[in-house]
Structures are given as C-alpha cells and as structure tokens.
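Subject: Handing over the structure

Hi there,

Here is the structure I promised to pass on to you. Have a look at it first, and then read on for what turned up.

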Amino acid sequence: MSFIRKVLFTFNILILFSINIFANQNDTLQQKIDSSAVFYFYVNPDSAAFSKLYYIDTILTGFQQYDPISKHGRFYAGLGNIGLAHHNMVFNPFISNEFDFGIHSFDRYLYKNKTVKYYRLFIPYTKLYYENGAKKEQFFRVTHSQNIARQFTIGLDFRFIHSPGYYERQKSDDKNLFITGQFYTKNNRYGIIANYIHNKLIVEENGGIQSDSAFENNIETDRQLLNINLQNAQNKIKEAGLFFNQYFYLSKISKNNTTDTIPIKRKLDLGRISHSFSWSRNQFLYEDKDPASLFYQKYDSIIDSTLTHDSTYVIKIKNQLTWSNLGFNDKLEDKIFYLYFNLNYQYIEIGGYAPTKYFSQLIPSGGFSVFILKSFRLNFNAGYTFGDYNKGGFKAHAQIDQFIGNKNKNIGLLKLKATYSNQIPSYYYQHYDANNFRWDNNLKKQKFILAGVEYSYKTLKLGANLYQLENFVYFDTLAKPNQCEKSFNVISAFIYKNFKIGKFGIDNKFIYQNVSNSNVLRLPELTANVTVHFTQSLFQNAAIIQPGIEVYYFTDYYANAYMPALRSFYIQNEKKIGNCFYADVFLNLKIKRVLFFVKYQHFNAGFSGYNYYTVPHYPMQDAAFKIGISWRFYD
C-alpha cells in the first residue's frame, strides 16, 4: 500500500507542478500528422529536441510474446519462471566509459532511463494489458499519457509481474514504474524532458532442483514435490532514479514576416547546448536463513552461520553538458555535417557490505557524422575517462552506412562498423565482501575490438561480427571473478528474415556463434527462433485472426550455472543442456483497438524427453495455457 501511495503522490505533484508553471503546446508535430496519431521517442545523447519518433505498436504479429526476455526472440537463458534472473545467450558485451557496478542479471525486468518512452500526442492515450497463466501467473501493465497544457505532456507506465512458479521457492514479485514530463516553449527554442523511475523486485531463490534425474525421468509430475537446494533464500532489488534533459538553441529563431511560422534558415548557426542530470540509488539485498547449507560449501567459508544479510547500495549522480551544431528544425538524417562535444561528470558512492567508497569521473567525448550524396554516411565518436576508478579508460566507435542507391530509393543498406574499448572491469568483479563470498582483485583493463558488417533490405537483415577479447573477466567454476589474459576471438553471424506467402507468414531468426576459448566463455553454436502464422480478416475486416506456431531451439553446450547469492552466472563443466525443441501454438485476435491471445505454451513438453533447460538445474516450464488482452483508449 505504501508503494501505491508513493506512486499517486508523485503523479499528483507532477500534475500540480505543470498547471502552475507551463502553458501552450508545440504545434510543429501537429502540422505533419493527424490528431489521433500517437508517437513516442527515447532519450538521446544530444538533447530532448532531437529524437527519432516511433509509432505505437498496434501490430498483431508477435502479440503472444509478453515476457520481456522473449519479446523479440528467445535468446535469453532464464530460471524457468517470468521475472527471475537471466542472461543473454547471444554475445553482447557491456562496453561503456561510464562507471558500471556490474550486476545485470535482472535488467530485462527493470525500467531503465534508456527504455523510458516519452509520448507525442494530441489526445489522451491509455493502454491496458493483462495476462494470466498457469500457477497463478499474472502480468499487468498500464500506460497513460496526455497533454496537461498545450506545451506540457505527462506520462505514466506501471508494470506488475507476479508468478509463484512451477517449483517450490520460485516466486517472482516485480513492480516497475516510470513517470514522465515534457515541456517546450512556444517557439521550441527551449525544451525539457524528465522522468522518475522506481523498480522493486522481490524474488525467491531455490538454487535449482537437487536431482536432475528426478525431473528428467518424470518421477514426480507435481513439480512442487521435487527437492530444491535452498529453502530460505531470496533476492531484493530496489532502484529509484530522477532524470532531466534540457536543450536551448543559441541562435535566435527568426520567423518569416508574412506567416510568422516558417523559421528562416541561417547561414551561420551557433548550434544548440543541452544539459542532462540524473540521480539514482540502486540497492541489492540477498537473504538466507540457512547460510551453512550444503549448497554453498564448495565455495568460500561463511562468516555468519545463522543468517545471511548481504546488502549493497550504489548511488550515482551524473551531470552532462553537450554542444552540437544542430540548428532549429535540423534533422540529423539529412544534415551533411553534424558535430557534437560532451563533458560528463559522475559521482559514485558504494556502501553496505564494505566501508563506503567514493569515486568521481570526468569523461570528455565527442563525435561527428558526414552525409554525402544522400547515400553515404560516416559516423565517429570517442571518449576518454579521467578520475578515480576507470582512469585512462578509452572507447572509440566508427560506422559507415552505405545505401545501395540513395536514401529514398535503394535496394538495401550496408553497414560497416568498428569499436575499440579499453576499460577497467566493472566494480563488482574487483571488490566484494559478503557472508558467503568475498574477493579483492586488481584486474587489468579489458580490451574489446569489434569489426562488423550488416545488410538490411525490407524484412531481411543479416550480418557478421568478429570480436577480439583481451583480459576478459568472467566468473569461474568457483563462482569467483577470474581474468583470462590471453586474447581470444568470438565470431557471430545472424540472419533475420520474414517471408510472406499469401496469408501465411514465416518469421525466421538464426544466430551462429563460435568461441575460440570455451574455457572462459560459453555460448550455444546455433540458436533459432521460427514462427509460422496465418492471418485472416473476418466480418468485412472488423476483426483479424492469426493462428500460429513458434519453435525455439539451441545446440547443446555447457551453459553457465546460476549463483543466487551473487545474482550472477558462472562457468560449470558438469552438465550439457540444449539440443531440444521448445514449441508454442497460439491464436491472436484483433477487434478494432482490442488485441487478444491464447496460447498453449510448450505443447511438446515430454515428447522427446524431459531435458528442457536454458540454465542447468532450472527446468523450463511445462505445457500450460496462457491468455492475454490489450485495450487502447484515445480519450
């Protein structure tokens, strides 16, 4: 109840704030689109003024996929229940000049600043979503945005996931909220966007089942009766954050005297400055009333044998100042030469499990983009870190975009990209002090070199990446950070293609990966996600029905195991998993603004044996019915 009160209180404050300060809304977008259209954008490095607009998703295809870790293809390994820890089975390293604590195993179930949507609309917009599944699984989400005054827009997005799970001590209870505000002056010379984010996850941890053979031989069909490793453990993650981003055009915006609405293009434009500020506090708490459990005994010795209460918090404050040469109404995709500079200052405080640590970092960075003949673009950016923690950290990225033809008429887009990064590993790998695990490392900088190529045309997207890794950091078989000083390579190739044959659609996603040193990095060699569906209009286009089947597969490999006390995945050499198919049948239905699905998830469970895992000792869910509904309102 206290959480709901906080949500309502904060939302009311935003409304009152807007009524007293702002008036009149931006007319620029209204001149280009009809009043019922709803668009959204994400925050970007330059400012609130320049962001790509996306139209809200009303497509029926893919609607049956509601779990955030499988929304765009099943490429994440999970613990067999929605809302729990997970990791990406497709190699995608975290590369950043900014300070990173290092725990990312719950990221897909957290609202982050980069995933917050800011809506551009002219009438109120609301979307309600509800899903219900076996074992009392529930997923609820509400999205709302509206203009309070002609130049001020607010928004709210609340998500609730609650699922007890198939196995004992597997319950997830995830709550996420973001609240947004936008204000633009009448002439758009100044604008600001802001958000407040709150995440609270409480998940039970069972350490996996004790006997894989009891599951694989289907000795007990009631999964609640299978023995588990941990009886009293749980993880709590709580995050709160504030953010705003504001911009100002340095040159005065002059209007045509005849219409007073058309801005005059200047020969010399002073560009735009923007400032962003963010504050966040992230807290991680692991509790276990039985720290002496056999589950932990092959790892570190324990300090307190009666109770584990490992608490860590990270406070991060960031200020960033940016100048760019974008003028009023400039569009980056059409600008011949784009230039920007950033100056980013960060303050970090880490406490809880050890004496409080304080860090500060200063990160200057910049970049440019050149667009020639409406067909060729070169992008480049780089940044260097000064300060306490990642001193000397450097990152550079270059990309060439070549239309085969030109931007407006072409037979595809070819991209060539290269990235170089030399960074201190995340703080979590360096220092940790808890009841069951502790370390104090002096790890070298990790070096990442990436070369990639990608081609896209209509519904086809294919490409390949080559990574060279040096001083790679990973969790070893004892669930402790280790570093591989010898360099090795990761090669990946992918092809995504949607076929349409009459009323049939076939959506294909295939990913191939090869690692030259499998002692430190484990990935499935082949991962595939194929969906076949049939779309039919009914009742003179009043409704659309779409039955289909979705199949997921990955080759067998020694997948990483999961350690609940660390919220991390680590190398194991005891069990191979994979080489089995996981299939759903579904029926999607659209009636005007209402979308509905019913699916029989994993209908082939047991057909070829009970060996379906994505993480060792954590079976995936058995066959079960799921239903969901979404309803959009425009008033």
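Asp-584 is buried, because its relative accessible area is 1%, and Arg-74 is buried too, at 8%. Arg-74 forms a salt bridge with Asp-584, and the closest N and O atoms are 2.4 Å apart. Arg-74 lies in the loop between strand S2 (54-55) and strand S3 (76-78), while Asp-584 belongs to strand S33 (residues 580-591), so this pair ties together parts that are 510 residues apart in sequence. Please keep in mind throughout that this is a predicted model.

Side chains of opposite charge can pair when their charged atoms come close. How many salt bridges does the count come to? The count is 16.

One of them is between Lys-626 and Glu-137, where the closest N and O atoms are 3.4 Å apart. This pair also links distant parts of the chain: Lys-626 sits in strand S37 (residues 624-633) and Glu-137 in strand S7 (residues 137-149), 489 residues apart. Lys-626 and Glu-137 are both buried. There is a network as well: salt bridges that share partners join Arg-74, Asp-584 and Lys-599.

Another salt bridge pairs Lys-316 with Glu-98, with 3.5 Å between the closest N and O atoms. Here Lys-316 is in strand S13 (residues 308-324) and Glu-98 is in the loop between strand S4 (86-88) and strand S5 (118-120), 218 residues away. Are these two partners buried or partly exposed? Lys-316 counts as buried because its relative accessibility of 19% is under the 20% limit. Glu-98, with a relative accessible area of 26%, is partly exposed.

**Strand S13 and its partners**

S13 is mostly covered, with 12 of its 17 residues buried. Which strands is S13 joined to by bridges? Strand S12 (residues 272-288) is joined to S13 by 17 bridges, and the two run antiparallel. Strand S14 (residues 337-351) is joined to S13 by 12 bridges, again in an antiparallel arrangement.

**A buried glutamate**

You will find Glu-239 in strand S11 (residues 233-249), and Glu-239 counts as buried because its relative accessibility is 7%. What does the side chain of Glu-239 make a polar contact with? The partner is the side chain of Lys-112, at 3.5 Å. Leaving aside neighbours within four places in sequence, Glu-239 is in contact with Leu-110, Lys-112, Ile-197, His-198, Asn-199, Arg-281 and Asn-282.

**Two residues with positive phi**

Next come two backbone details. Asn-471 is not a glycine, yet has a positive phi of about 60°. Asn-471 is found in the loop between strand S23 (460-470) and strand S24 (472-475), and counts as buried at 9% relative accessibility.

Arg-567 is also a residue other than glycine with a positive phi, near 55°. The loop that holds Arg-567 runs between strand S31 (561-563) and strand S32 (568-570). At 2% relative accessibility, Arg-567 counts as buried.

**Cysteines**

A disulfide is a covalent bond between the sulfur atoms of two cysteines. How many disulfides does a search of the whole structure find? The search finds zero. As for the cysteines themselves, Cys-484 is buried, with a relative accessible area of 11%, and Cys-580 is buried at 9%.

**Confidence in the model**

The chain averages a pLDDT of 90, and 91% of the residues score at least 70. Where in the chain is confidence lowest, and where is it highest? The lowest is in helix H1 (residues 2-21), at a mean of 40, and the highest is in strand S36 (residues 618-619), at 98. Over residues 1-33 pLDDT stays under 50, and the model has 55 contacts beyond four places in sequence for that stretch.

Enjoy exploring it!

Best wishes

Note on methods
Residues numbered from 1 in each chain as written. Predicted model: local features only at pLDDT ≥ 70, side-chain atom pairs only at ≥ 80, totals over all residues. Heavy atoms only, no water. Helix = DSSP H or I, 4+ residues; strand = E, 2+ residues; numbered from the N terminus. Buried < 20%, exposed > 50% of the residue type's maximum accessible area, 1.4 Å probe, protein only. Salt bridge = Lys/Arg side-chain N within 4 Å of Asp/Glu carboxyl O. pLDDT = per-residue confidence, 0-100. Contact = heavy atoms within 4.5 Å. Pairing = 2+ DSSP bridges. Disulfide = S-S within 2.5 Å. Polar contact = N/O pair within 3.5 Å; in protein donor to acceptor, adjacent residues only side chain to side chain.
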